[in-house]
Amino acid sequence: MALGATAVARATEVTYPSYVWQDPEDSPFYRAFKKGFEEVNPDITIRDIPVPFGAFWDKQFLDLSSGNSADTVTMFDTEVKSYIDNDFLEPLNPYLEKAGISLDDFYPGARAAVKDGKIYGLNLIINPRAMFYNGGVLDKEGLKPPTNLAEFSAAIEKLRHSDKQEFGFATYAKPGAANSLYLEISPIVFGFGGSFFEKGQPTATKPETIEALRFYKKIYDESLIPKGMDIQGYRQLFVQGKVAMYAGGPYMGKLVANASAERGRELGAMPLPFPGKRTFALSVFMGIGKSAKNKDAAAKVLVSMLSRDWQNKLLEIAGQPPGRRDVDFTNYLAANPWFQAFIDAAKDPSTVSFAPDGAEAFAPEVIKIIGNNVESMLFNNVKPEDCCRSNAERTDGCLSQEVAVHTKTASRSATSRRAPLRPATRQIPLRVQVGLAGVRVSSL
């Protein structure tokens with residue numbers, strides 16, 4: 001080294017692939033976090049890698065299962081147990097103990113990421129669903145927020161103006177993205193009192209589930225919802241006042257207020273007006289990949305993101321309920337009265353998890369099967385009853401097949417690890433493999 005030269009240490013790069021970097025609801029918080037974190041930790045750089053939501057989950061799974069994990073791992077309720085069982089995640093206990101972070105700092109749902117005393121992820125966000133409504137749009141038509149299915153059905157028919165491309169309600173109605181479809185129709189299914197799994201058993205044929213899908217198909221067939229649009233497309237229609245009602249998470253409040261102060265003031269939220277009188281919550285967990293290259297640096301990122309300071313900023317910037325118990329909602333609620341519907345939903349004991357009950361470890365496979373079957377109902381004129389029957393049969397077969405494979409493998413070696421179910425071609429029905437490849441499934 002030449003005399004007087006100074007060695008400059010290269011910052012450790014933490015890879016963080018996610019849909020949040022290009023998502024209008026999420027990116028403001030994550031951009032602010034990245035900037036703030038790097039200012040305090042100049043020896044670490046967060047490498048933000050944008051991945052579209054529809055492609056993110058399969059890409060992350062493939063990276064994890066091939067031993068090529070990014071440093072950070074993003075999970076919903078539907079991924080946590082599957083990732084833990086497949087040994088994709090690094091235990092966080094040493095990092096959390098060093099930072100003085102306890103599970104008791106978080107709501108009970110955080111325990112979904114615990115197995116045998118090891119913590120594999122922490123709950124960043126709790127995201128219950130409620131029905132947003134544009135108050136000004138309803139007032140213009142002389143309507144009050146609907147409180148039951150009859151009122152809701154009448155309202156969305158009255159609010160449909162095809163000449164102006166205006167809708168009373170919006171949800172997913174586009175082929176090719178089973179994850180997105182499953183997520184967006186869940187308020188209807190759970191709201192009707194339906195489900196696809198309960199206590200580890202397929203329940204797609206229960207009357208409430210069939211009625212929910214009948215209603216969904218009806219509003220699709222009658223063009224009462226936008227067709228062929230991705231999630232961001234029809235969410236923007238809601239933001240613009242072209243859609244009167246949307247069943248979403250609290251993040252929508254910020255989008256509306258940022259787009260129009262007037263519509264922000266008119267924004268309201270209420271419990272889902274469906275007959276089951278319940279909703280669901282989708283929680284976001286953060287973890288570290290087992291094969292991550294920079295685990296210590298990634299742990300610093302997670303610990304900072306889950307600190308009380310940044311959890312408060314998550315609420316302020318993104319309008320999303322943080323996973324920590326000690327965040328104060330008082331000021332935010334005073335400025336955003338609609339937020340009360342989400343606080344109530346988060347505390348309601350009838351609120352269920354987004355993940356299939358008792359089959360959480362198989363959630364990615366279950367979602368693919370259900371999403372593809374529901375696509376067939378919408379786009380290939382399959383009857384809702386047949387769709388539900390196929391959902392029950394195929395999800396039951398999926399689980400039975402996995403149990404058989406696991407039992408056979410375990411009998412060969414007591415130390416063998418369960419092989420990942422997705423996307424191993426020998427363990428997934430052919431039609432689902434085609435769906436994973438991005439080709440619309442024509443029949444199921």
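Among contacts (heavy atoms within 4.5 Å) between residues at least 6 apart in sequence, 74% join residues at least 24 apart in the protein chain. The model is a predicted one, in which local features need pLDDT of at least 70 and side-chain atom pairs count only at pLDDT 80 or more, while totals for chains, interfaces and linings use all residues. Residues are numbered from 1 along each chain as its sequence is written, and side-chain values use heavy atoms, with hydrogens and water left out.

The protein chain holds 18 helices and 14 strands; these are DSSP runs numbered from the N terminus, with helices (H or I) of at least four residues and strands (E) of at least two. Of its 444 residues, 55% are buried. Here buried means under 20% relative accessible area, exposed over 50% and partly exposed in between, with a 1.4 Å probe and protein chains only.

Seven of its nine residues are buried, so α3 is largely enclosed by the rest of the structure. The buried residues are Asp77, Thr78, Glu79, Val80, Ser82, Tyr83 and Ile84, and their cover includes α2, β3 (72-76), β4 (114-115), β13 (280-288), β14 (352-353) and α16. After α3 comes aspartate 87, with a positive phi near 60 degrees.

Thr78 and Glu79 also line the largest cavity, together with Phe53, Trp57, Phe76, Asn179, Leu183, Phe354 and Ile367. By class the lining has six nonpolar, two polar and one charged residue; Ala, Val, Leu, Ile, Met, Phe, Trp, Tyr, Cys and Pro count as nonpolar, Asp, Glu, Lys and Arg as charged, and the others, Gly among them, as polar. The space in this cavity is about 70 Å³, and the count of cavities of 30 Å³ or more comes to six. A cavity is a set of points, on a 1 Å grid over the protein atoms alone, where a 1.4 Å probe fits but cannot get out, and lining residues have an atom within 4 Å of a point. Grid points are joined across faces, edges and corners, and a volume is the space filled by probe spheres set on the points.

Helix α7 also meets α16 (residues 363-379): their axes come within 8 Å and cross at roughly 85 degrees. That makes α7 roughly perpendicular to α16, a term for angles of 65 to 115 degrees. Axes are lines fitted to C-alpha atoms, for helices over the stretch in contact, and angles run from 0 to 180 degrees between N-to-C directions. On the α7 side the contact is made by Ala178, Asn179, Leu181, Tyr182 and Ile185, and on the α16 side by Ile367, Lys368, Ile370, Gly371, Asn372, Val374 and Glu375. Seven nonpolar, three polar and two charged residues make up this contact.

The loop between β8 (167-170) and α7 holds proline 175, which counts as partly exposed at 33% relative accessibility. Its C-alpha atom is separated by 9.5 Å from that of aspartate 230, 55 residues apart along the chain.

In helix α13 (residues 308-318), the buried residues are Trp310, Gln311, Asn312, Leu314, Leu315 and Ala318. Their cover includes α1, β6 (122-128), α10 (251-259), α12 (295-305) and α14 (330-335). Glycine 319 follows α13 and has a positive phi, near 70 degrees. Serine 27 is found in α1 (residues 27-40) and counts as buried at 14% relative accessibility.

Notes
1 Å grid on protein atoms, 1.4 Å probe; cavity = no way out; pocket = protein on both sides within 12 Å on 5 of 7 lines; lining within 4 Å. Parallel < 35°, antiparallel > 145°, perpendicular 65-115°, else oblique.
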